[in-house]
Amino acid sequence: MAGHGQLVDEFEVGPVQVRVSHSCARRDVYELSTSPPLSEAAMEWLRGRGVAKVDSPALLIVEVAGVHQLTVAPALGRVVAMPKLATERPEQREAAMAVARALTAS
Amino acid sequence: MAIDRDAVVSAVSGLGIAGDEEGMISAFGLYLTRHMSDYYNRISFAAARRMEGSGLEDDVRALLVEAGHVCAFNTFGGIMKSAEWDAVVRPMIETREDWIIGMVAVINAFGWGRWEVQELVAGESLKVRVEDSYEACGWLRDYPTSDSPRCYLACGGVAGLMNLLYVGDITTGPDLTEEYYLQLFRAGKRFEAEELSCLATGAPHCEFVAKRVE
């Protein structure tokens with residue numbers, strides 16, 4: 001089994017680079033990076049996923065109930081998806097892939 | 001230095017760091033919990049007091065400081081790799097040393113006491129003063145004035161800052177694995193810290209210095 005912080009997968013979805021790190025026995029953290037800055041369309045899509053805990057020009061944090069938290073540094077083209085404990089790893093991956101596909105499309 | 005410490009504290013305080021419906025705090029790329037400082041203090045101090053007179057006092061202290069090393073590696077390291085750091089602190093960073101100044105500003109948003117860098121010599125030493133350290137305050141509330149410093153976690157934290165920046169290179173976003181931890185905290189030229197003065201001993205504040213192991 002991978003240890004905490006260990007890179008367990010790395011791949012690309014279009015222009016989005018995805019790094020998957022082992023976080024704990026139940027969760028992986030997904031780091032999505034693309035050419036900065038994120039487009040306004042991408043930011044609107046991300047905002048629409050849930051409730052924004054922080055929404056400033058520098059930082060967006062969106063709580064997607066029962067799925068994950070998305071932390072977005074738009075100027076750096078960076079999105080971190082932190083899955084909720086209740087989700088299983090296949091769901092975690094699918095939810096992160098949906099974000100990657102949306103970033104690719106926008 | 002370019003870091004606006006008040007701006008960092010204000011920004012971190014505004015991140016909405018609170019437990020979710022699962023009781024976890026997802027912040028800085030880490031899953032955090034809100035921990036009762038009294039609980040951590042009491043188990044730490046109970047272990048230390050239990051060993052008094054056993055000849056194992058230094059071993060207990062080393063273990064409790066090691067917990068601080070692990071905390072610094074994962075928590076400070078995770079923070080310095082995070083999207084929040086990139087958004088809030090990184091735009092202010094002009095020098096390598098600003099990474100430590102910025103991290104200390106983030107620490108000051110956590111309620112561990114008021115940390116201030118007194119002196120930072122690049123690659124050589126770090127001196128930090130802490131006012132109202134939660135460890136020392138906890139000690140004084142529950143026990144008589146101590147004959148030795150009691151801020152074990154902070155001591156490990158100060159060394160950890162230097163190891164992350166000058167033994168490893170947190171600025172490059174390394175994977176924070178157990179192997180990397182061992183590279184940083186078991187290296188021959190690693191930093192270790194000493195608590196020079198401690199509120200728990202009757203000093204006016206706590207002071208730490210981290211230097212390379214000879």
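Predicted model: local features only at pLDDT ≥ 70, side-chain atom pairs only at ≥ 80, totals over all residues.
Student: How many bridges join β4(A) to β5(A), and in which sense do the strands run?

Tutor: Strand β4(A) covers residues 51-55 and strand β5(A) covers residues 60-64. They run antiparallel, joined by 4 bridges. Together β4(A) and β5(A) form a hairpin, with 4 residues between them.

Student: How do side chains sit along a strand in general?

Tutor: In a regular strand, side chains alternate between the two faces of the sheet.

Student: What sense does the pairing of β1(A) and β2(A) take?

Tutor: Strand β1(A), residues 7-13, pairs with strand β2(A), residues 16-22, in the antiparallel sense. The pairing runs over 6 bridges. Look for Asp9(A): it stands opposite Val20(A) in β2(A).

Student: What about the turn: how many residues lie between the strands of the hairpin of β1(A) and β2(A)?

Tutor: This hairpin has 2 residues between the strands. Gly14(A) takes a positive phi there, near 60 degrees.

Student: Now the whole chain. How many helices and strands has chain A?

Tutor: Chain A has 2 helices and 7 strands. Along the sequence the pattern is β-β-β-α-β-β-β-β-α.

Student: Why does the radius of gyration of chain A agree with a compact globule?

Tutor: Compare two numbers. A compact globule of 106 residues would have a radius of gyration near 13 Å, and chain A has 13 Å, so they agree. The C-alpha trace of chain A spans about 40 × 25 × 20 Å along its principal axes. Of the 106 residues in chain A, 42% are buried.

Student: Can you show me one residue? Is Ala42(A) buried or exposed?

Tutor: Count C-beta neighbours. The cut-off for buried is 20 or more other C-beta atoms within 10 Å. Ala42(A) has 21 inside 10 Å, so it counts as buried. Ala42(A) lies in helix α1(A), residues 40-47.

Student: Which residues does Ala42(A) touch, leaving out those up to four places away in sequence?

Tutor: Ala42(A) touches Ala102(A), Leu103(A) and Ser106(A). Take Leu103(A). It is 61 residues from Ala42(A) along the chain, but their C-alpha atoms are separated by 5.9 Å.

Student: Let us move to chain B. Which elements does it have?

Tutor: Chain B has 8 helices and 6 strands. From the N terminus they run α-β-β-α-α-α-α-β-β-α-α-α-β-β. The radius of gyration of chain B is 17 Å, close to the 17 Å that the globule rule gives for 214 residues, so chain B is as compact as a globular protein of that length.

Student: What share of the residues of chain B count as buried?

Tutor: Of its 214 residues, 43% count as buried. Among contacts in chain B between residues at least 6 apart in sequence, 61% join residues at least 24 apart. The C-alpha trace of chain B spans about 50 × 45 × 35 Å along its principal axes.

Student: How do I read the faces of a helix?

Tutor: An α-helix has 3.6 residues a turn, so residues three or four places apart point the same way.

Student: Which residues of α2(B) are buried?

Tutor: They are Asn41(B), Ser44(B), Phe45(B) and Ala48(B). These cover an arc of only 95 degrees around the axis, so they lie on the same side of α2(B). The face turned away carries the exposed residues Tyr39(B), Ile43(B), Ala46(B) and Arg50(B). What covers the buried residues of α2(B) includes α3, α6 and α7 of chain B.

Student: Why is α7(B) said to be largely enclosed?

Tutor: In α7(B), 16 of the 16 residues are buried, so the rest of the structure largely encloses it.

Terms used: Residues numbered from 1 in each chain as written. Chains lettered and ligands numbered in written order. Buried ≥ 20, exposed ≤ 12 C-beta atoms within 10 Å, placed from the backbone. Arc of directions from axis to C-beta. Contact = placed C-beta atoms within 7 Å. Rg over C-alpha atoms; globule rule 2.2 N^0.38 Å. Pairing = 2+ DSSP bridges.
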